[in-house]
Amino acid sequence: MAVRFGTDGWRGVIADDFTFDAVRAVAQAIADLVHEEGRAGSPVPIGHDVRFLSLRFAEAVAGVLEGNGIPTVLPDAPTTTPMVSCQVVASAAPLGICITASHNPPQYNGLKVKAAFGGSAPPEQTARIEALIGRRTPRHGRAPERRHPFLPAYVPRLNSVVDLEAIRAAPLRVVVDSMHGAGGRILEGLLRGGRIRVMTLHGEPDVLFGGVAPEPRPESLGPLSEAVVRHGAHLGIATDGDADRIGICDEAGRNVPPLQILPLLALHLLETKGWRGAIARTFANTLLAERIARRHGVPFYDLPIGFKHIARLMLEQDVLIGGEESGGIGVKRYLPERDGILIGLLLLEMLATGVRRLSRRIAALQADYGHYAYRRVDLPLSSEQGQRAVLALRSDPPSRLAGLTVRGIDTLDGVKLLFGDAGWILFRPSGTEPLLRVYCEAGTQDLVDRLIQSGLRRLRSATPRASRSYRSPRGEG
């Protein structure tokens, strides 16, 4: 059985490669790892999202661990992935497990492993799990009947970062779109009882997520944008299927890309809260992060895609904030973990303690550090096709693209063509889905669009066999 942990966890199509037999085999490998490390006496938290059969898969994992003499803790309701991370640390567990496919389409499910420190398991730990799969037949036990709330371990972690009382006291209006995922009405509940008004969209669980993938991409945030305008809200917040990523709209209902969220919050932490520490970005994130780090005299790190790389850095260095292009952002004084609800609260704290029009804050950011537009396109390609396309581009890169001179090529993760201060374009196979992702940041939206179109033409010429797939990319609109 081929199980591979990708950018964050193992994911597969339900009843195809993500089956009960496969899940139990992975659970047995995890149990063997826990025994090897001599940590079998500590309870292992096992959370789950709202996807089809997620609860049953979580119970299957618990049954195997219990059958191996490892106690488990199951939640009394669907959980976000960061809630599982907080529960791991609170209970001094050897690791934690969350049954979720995060932002993937509804036909997927998955399994994430959280290390004892409360962040994504590092590659060497998941590689050990992969190596143990199939070594032993799964031992069957019974999942515990008693269920435990995970919120009591979660809320104190939020309080260590954000001033919830200041947010509750602010005369703000916010719309939250949970996209029918595990975020539910958690944020609304946290802020109840003050002057702030929180309206939740799609807070009810739906295994089909309303017919769309639960990813807060611009093309999925129309209902949020409309609700922000209709209610005169200051901010719109969307969280993905397991609520560890965020997407936002400003007071006019305009989408604000994650490449602006990271620098906005970095400035809030540095200038308003007075915190210090390094700024880290993954490979597809904004040029502004490095400019802010240099101006404020703090270290800067550029990392491969996947929050696990930021998590590792947070364990090794004093990191103020680290973020992915996809809206996964983590901050110091929490855990080495991304959390969409936490980041939403930090944005509300930013508005509660200063200028309350997000558009004005963005304008000030652009005036001080530069204006950039951004876009991501997803091409439906198998992992093998995507790898071949990237290798072909790497072996024969263009010297110019859309009229810009290629001033450098970075192959840290995929192939990134650098245009100096004018921007960049990155080609990289997804680590979680059969997609080739094309990311681009440049001075204007028109230039971004032209760079992407030129990049797609370059890919077609480099890999003609797969060219049909390039004609219907997701996220083109």
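Tutor: A patch here is made of residues with over 30% relative accessible area and no salt bridge, with nonpolar side chains joined within 5 Å. The model is a predicted one, and in it Phe52, Val207 and Leu208 make a nonpolar surface patch of about 270 Å². Of these residues, Leu208 is placed in the loop between β7 (197–201) and α8 (222–231), and because its relative accessibility is 53%, Leu208 counts as exposed, the cut-off for that word being over 50%.

Another loop residue, Pro75, belongs to the loop between β3 (72–73) and α3 (81–90), and with a relative accessibility of 3% Pro75 counts as buried, a word that applies under 20%. Leaving aside residues up to four places away in sequence, Pro75 touches Ile46, Gly47 and His48, as well as Arg147, His148 and Phe150. For Pro75 and Phe150, which stand 75 residues apart along the chain, the C-alpha atoms are separated by 6.2 Å.

Turning to helix packing, two packed helices are described by the angle between their axes and the distance between the axes. Helix α10 (residues 288–296) and helix α13 (residues 358–369) have axes that come within 11 Å and cross at roughly 70 degrees, and therefore α10 is roughly perpendicular to α13, since angles of 65 to 115 degrees fall in that class. In this pairing, Leu288, Arg291, Ile292, Arg295 and His296 of α10 meet Leu365, Asp368 and Tyr369 of α13.

How values were computed
Residues are numbered from 1 along each chain as its sequence is written. This is a predicted model: local features need pLDDT of at least 70, side-chain atom pairs count only at pLDDT 80 or more; totals for chains, interfaces and linings use all residues. Side-chain values use heavy atoms; hydrogens and water are left out. Patches are made of residues with over 30% relative accessible area and no salt bridge: like charges are joined within 9 Å, nonpolar side chains (Val, Leu, Ile, Met, Phe, Trp, Tyr) within 5 Å. Accessible areas come from the Shrake-Rupley method with a 1.4 Å probe; for residues, only the protein chains shown count as cover. A salt bridge is a side-chain nitrogen of Lys or Arg within 4 Å of a carboxyl oxygen of Asp or Glu. Helices (H or I, at least four residues) and strands (E, at least two) are DSSP runs, numbered from the N terminus. Buried means under 20% relative accessible area, exposed over 50%, partly exposed in between (1.4 Å probe, protein chains only). Axes are lines fitted to C-alpha atoms, for helices over the stretch in contact, and angles run from 0 to 180 degrees between N-to-C directions. Angles under 35 degrees count as roughly parallel, over 145 as roughly antiparallel, 65 to 115 as roughly perpendicular and the rest as oblique. Contact means heavy atoms within 4.5 Å.
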